[in-house]
Structure formats: structure tokens, C-alpha cells
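Keep the structure open beside you as you read.

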Amino acid sequence: MRPAAPSALGWLLRFVLAFGLLNTLLTFENRWPGFGVAYMPRLSFELCLAVVLLMGWVAWRGGLSSRAAWVWTVGFLALVVVRYANVTAPAVMGRPVNVVWDGRHAGELLKVAVQAVPGWQVAAALFALLAGGLLLMLLVRWSIASLARCLAWPAPRPWLLAGAGAFTLSFAAYVPDQRDTRWFFSLPITPTLLQQGRLLARVWLPGEAAQVLGPSPAFGSDLSGLVSQRGPADVLLVFAESYGAVTFDDAAQAAALAAPRADLAQAIEAGGRFVVSARVTAPTFGGSSWLSHAALLAGVDTRDPADHDLLLASERPTLVRHFARHGYRTVGWMPGLKRPWPEGAFYGFDRLADDAGIGYLGPDFGYWRIPDQAAMALLQAQEFGHNGERPPRFAVFATTSTHAPFHPLAPFVNDWASFTRQDAYAGLAAAPAGGSLVQAIPRYLESMRYQHAWMADHLRRHAPRPLVMIVVGDHQPPALVSGRRANWDVPVHVVSDDPALLQRLLGSGFVPGLTPPSNTLGSMSALTSVLLNAFDAPGAHETLGIEHVASPPDPVTSPDRSPPGS
């Protein structure tokens with residue numbers, strides 16, 4: 001009996017070493033910031049399953065051949081690559097891995113990285129990568145072969161029962177759709193494999209994407225309804241962050257914003273413009289603004305985030321590409337975009353300006369560091385303010401100052417030209433940060449007042465002419481502000497100096513003024529067709545008798561004034 005002890009001890013050491021190495025390769029986490037990894041003492045769900053499968057293989061075949069060991073090695077290394085992508089993409093890109101877009105643009109990103117370093121460093125890095133990959137492959141093969149030998153015990157194979165128990169425990173510990181773990185288990189890789197597999201199947205299988213996403217709008221408009229004697233109008237589409245229908249539906253919030261709305265209405269009317277409003281149902285609530293952006297710009301329902309990923313991997317038409325085909329310069333103005341966004345190529349912007357590309361030189365105001373007024377001033381200076389002949393602009397501006405937690409809030413600045421310099425906020429103090437959750441509604445309303453103020457000043461003094469300005473809320477504010485069981489509705493305003501254009505929108509369900517009706521036009525994606533139809537109607541340059549409808553009524557006592565005959 002004594003001679004068996006060293007053998008059992010040797011078996012245990014070999015099993016622990018092999019299992020520990022493989023487990024480390026499937027449980028590491030990202031070492032933020034950057035592309036490195038950090039050891040995490042957790043147990044891998046997939047490795048427990050693999051041990052059970054390996055036990056079954058050894059029991060069936062009597063061992064693991066050299067060829068089979070290499071097959072298992074390649075499969076395991078594929079899981080390691082998936083694990084690395086799964087933990088690195090959220091840290092670097094700010095979102096989960098997307099095999100379609102990341103696969104398409106990996107070469108471009110690598111090319112940019114290579115051009116930024118000396119050639120000898122590239123060669124050294126390539127050698128280290130190849131040598132490290134070869135060493136890793138040999139270690140994985142040794143570990144798998146060692147596990148197979150450890151599991152090849154004679155009947156009754158007690159470790160088979162233990163492995164099955166570990167697998168069952170691992171599966172019970174996994175919580176679907178949650179970015180956390182229970183006890184000592186690492187986040188599984190399996191959900192990522194299934195999700196990306198479904199995405200690839202939808203992209204590659206004929207007709208699958210069309211069936212899932214449904215039809216796109218016709219995009220047959222020639223945009224003739226935007227042309228006047230002064231030429232084609234610039235179009236500014238503003239996705240107003242967290243601008244929800246609760247600001248109209250909640251009596252207290254509507255009363256608190258009555259004065260800012262009246263000032264905005266007066267600015268619209270003083271500039272010789274008109275405004276009509278409606279409401280639509282957003283595909284998201286309290287966050288995930290990109291779902292609303294995609295729904296309106298592509299005219300496709302994106303309530304399911306998986307459908308959004310599929311849409312951005314497709315070649316569906318978009319409003320951006322449609323305007324570009326008709327001679328417009330298209331601009332995406334995204335001050336809240338802080339990481340690389342290869343998916344943005346789907347929309348087809350001529351220029352996509354992110355946080356670093358906008359050119360803001362002033363102080364930071366919280367995480368969303370660029371105030372909306374400053375971002376709008378820079379957009380005006382760089383794209384709308386050119387003198388002489390220029391192509392018309394179609395610009396999409398996603399605001400951030402009204403994003404939760406709604407502070408710190410930048411002060412309003414009268415001198416818009418100062419935003420091209422560093423001293424725009426010199427001597428001006430931001431609203432104080434901090435505060436408790438009970439202050440969410442007052443802070444939200446203050447950010448809404450700020451939004452109304454800069455929009456009013458822009459339309460009163462700086463907006464180009466002719467201009468069609470579309471303001472749509474991307475989603476309701478979080479439930480701390482909108483309340484329990486709030487709907488998913490958001491307001492839509494269209495401001496223009498062309499009465500005929502707005503008259504066509506009145507025929508589609510819009511109403512005069514800044515106060516939208518209680519009923520919705522439909523989903524956010526349905527608004528795309530409504531706008532396209534309004535942009536392409538005969539008689540677009542005739543005045544149909546619409547009067548100024550900018551001034552909103554009293555939120556409690558006065559109805560909206562309608563144009564004659566409407």
C-alpha cells in the first residue's frame with residue numbers, strides 16, 4: 001500500500017497543475033486601462049464542462065491520441081481568444097464584443113497601430129507574439145494530455161461523478177443576462193459564443209436579416225420639399241438626451257418648464273420661423289440612446305438590442321446616406337462618444353466628430369465634459385457658418401448635458417464665439433455637483449432649462465437660414481425622474497421657416513406649437529417615413545396660410561392655436 005501513495009500524490013499534483021493552468025486561461029479579466037489581462041481566482045464554467053466531456057472521451061476511446069489532443073488544443077485556444085475579446089472589448093470600446101464589426105475593422109486598427117511605432121518594435125512585437133503563441137499552444141496541449149491521463153483511472157472512475165457534480169454546480173451558479181457571478185465562478189464565455197453565433201447566422205444566412213429586421217422605408221424622396229428660392233435648407237437633427245414626454249405629462253414638471261418653453265417659442269417666432277410637435281414611442285427607456293438613434297436614422301425597429309447589432313452589421317439604407325446622395329454634406333456630432341466606434345460607418349457620415357474631434361478647448365464639466373451649448377457653437381462655426389457657396393448640411397447632434405446625473409451643469413454663455421477659445425467659461429461657475437437621489441428631479445429640470453435656453457439663443461441669433469431643425473427626445477429620463485410605470489413616449493419638434501413643410505406635417509399627426517398631443521404617431525422608426533414624406537411633397541414652396549404657431553399655450557388652461565383650416 002505504501003508504494004501507491006507517491007503515485008496518488010503525483011496524480012494530484014499533475015491534475016491540479018494542468019487544471020489550474022487551463023482555468024487561468026479562461027478566467028482572466030482585463031487590466032484596465034489598456035489591453036492587458038489580470039489573474040482572477042475564479043472557476044471556469046466551460047472548463048468544468050470540458051473535464052466532464054474529456055472523461056467521457058477517455059472512457060469511450062481508452063485515452064487521448066496525439067491527433068485528438070491537438071484538436072482539443074485548438075478548440076481550447078479558440079475559447080481563450082473569445083475570453084480575451086469578451087473582457088477587453090468592454091474596457092477598450094465601452095461595449096460588448098461584436099464579431100462582425102470588430103472583425104471587419106481589426107485590420108484597419110492594426111494598420112493604424114503599426115504606422116505609429118518604429119519598424120523594429122513591430123518586428124519585435126510580432127516575434128514575441130509568435131513565440132508566446134507557440135509556447136501557449138504547447139502548454140495547453142501538455143495540460144490537456146495530462147488531464148486525460150489523470151482521468152484514465154480504472155473503473156469505477158470516481159472522478160467522473162465528481163466532475164459531473166462540478167459541472168452541475170457550475171451551471172446552477174450561472175445567472176443568465178447578468179454581468180456578475182455567484183460565489184467563485186467566473187463570467188461564462190458561452191453566452192458570448194451563442195450571441196455572436198446568432199448574429200453571424202443572421203448576417204450570413206440568406207433572408208435571415210430581412211426577416212428579423214422587417215422592411216426599411218422606401219427612401220425614395222428627392223428632398224424637393226426642402227428646396228426654396230434660397231436653395232436647399234440645412235437640416236439639423238438633434239437627439240435631445242433624456243427629453244421625455246414626462247416633461248409635458250407631469251403637471252409639476254410642465255409648470256416648471258413653462259417659462260423656458262415660452263422663451264423658446266418667442267425665439268422661434270421672432271426669427272420668422274414656425275414649430276409643430278408630435279410624440280413617438282422610443283425603443284428604449286432611461287438609457288441606451290443608440291437604439292433610438294438607429295431606429296430613426298434607419299427607420300427600423302430596434303427595441304431588441306440584438307436587432308440593433310444586426311442592423312449595424314447590414315447594408316440597410318439610412319437617412320444619412322439618403323441626404324448624401326442628394327448633395328448634402330453629412331455630419332455626425334457626438335460629444336459623448338469617447339471610444340472608437342467602428343459601427344458608426346454603417347450610417348455613412350462624411351464626418352463623424354467624437355469627444356476628441358469636436359475641438360472643444362474649455363474646462364471639463366463632469367464625465368460628459370463638453371456642454372451642449374459649446375458643442376452646438378462649434379458645430380455652427382465649423383459646419384454651418386461657412387460663407388459663400390457650400391453644400392447644404394445634414395447634421396445629427398446627440399446632446400449630453402441632460403444625461404443623468406444631470407450635473408455638473410455648465411453656465412449659459414452669451415458670447416458664442418468664445419467657445420472656439422479656452423476662456424469661454426472664464427469667471428463663470430458651474431452648478432455645484434453632488435447631492436442625493438431626491439434631488440434628481442430638480443437637477444433634471446434645471447438641465448432642461450439649460451437645453452431650452454441654448455436652443456432659444458441659437459435660433460434667435462445664430463441659426464443658418466434656411467434651416468429645418470428637428471428635436472426629438474431619445475428616451476424618457478430614468479424612473480427616478482419619470483416615475484413608476486411611465487410610458488416610453490418622447491416629444492418631437494420640427495422648426496422651420498417654410499410654412500408648407502410644416503403644413504404637410506400637420507396632415508401627418510403633428511400639431512402647432514411646442515406641446516405635443518397626447519396620442520403618439522407610432523414608434524420612433526415610423527417617424528422616418530413621416531419625415532421623408534414631408535420632405536418630398538409637391539407644392540413645397542407654396543404658402544398654405546399657416547400662421548405663426550411658435551408660442552405654446554399655457555400648460556393648464558390654453559389650447560394650442562391651429563393654423564386656419566387645420
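In helix 19, the buried residues are Met524, Ser525, Leu527, Thr528, Val530, Leu531, Leu532 and Ala534; buried means under 20% relative accessible area, exposed over 50%, and partly exposed in between (1.4 Å probe, protein chains only). That is eight of the 11 residues, leaving this helix mostly covered. Helices (H or I, at least four residues) and strands (E, at least two) are DSSP runs, numbered from the N terminus.

Before going on, please note that this is a predicted model, in which local features need pLDDT of at least 70 and side-chain atom pairs count only at pLDDT 80 or more, while totals for chains, interfaces and linings use all residues. Residues are numbered from 1 along each chain as its sequence is written, and side-chain values use heavy atoms, with hydrogens and water left out.

What covers the buried residues of helix 19? The cover includes the elements below, with contact meaning heavy atoms within 4.5 Å.

| Element covering helix 19 | Residues |
|---|---|
| Helix 12 | residues 289-298 |
| Helix 14 | residues 319-325 |
| Strand 6 | residues 274-281 |
| Strand 10 | residues 467-473 |
| Strand 11 | residues 489-496 |
| Helix 18 | residues 499-506 |

Now for the cores. A nonpolar core is a set of buried Ala, Val, Leu, Ile, Met, Phe, Trp, Tyr and Cys residues joined through side-chain atoms within 4.5 Å. The largest one has 53 residues, and Phe394 and Phe510 touch the most other members. Helix 19 gives the most to this core, with six residues. Leaving aside residues up to four places away in sequence, Phe510 touches Leu527 and Val530, and its other contacts include Val276, Val492 and Leu505. Another core, of 51 residues, lies apart from the largest one and has Tyr243, Val331, Ala377 and Phe397 among its members.

The sheet comes next: eight strands form an open sheet with mixed pairing, in the order 8-7-9-5-10-11-6-12. Strands pair if DSSP finds at least two bridges between them. Strand 8 (351-353) and strand 12 (511-512) are the edge strands, each pairing on one side only. Strand 7 (residues 329-333) runs parallel to its partner, strand 9 (residues 393-398), over five bridges, and Arg329 has Arg393 as its bridge partner there.

Stepping back, the protein has 19 helices and 12 strands, and 47% of its 566 residues are buried.

Technical notes. Axes are lines fitted to C-alpha atoms, for helices over the stretch in contact, and angles run from 0 to 180 degrees between N-to-C directions.
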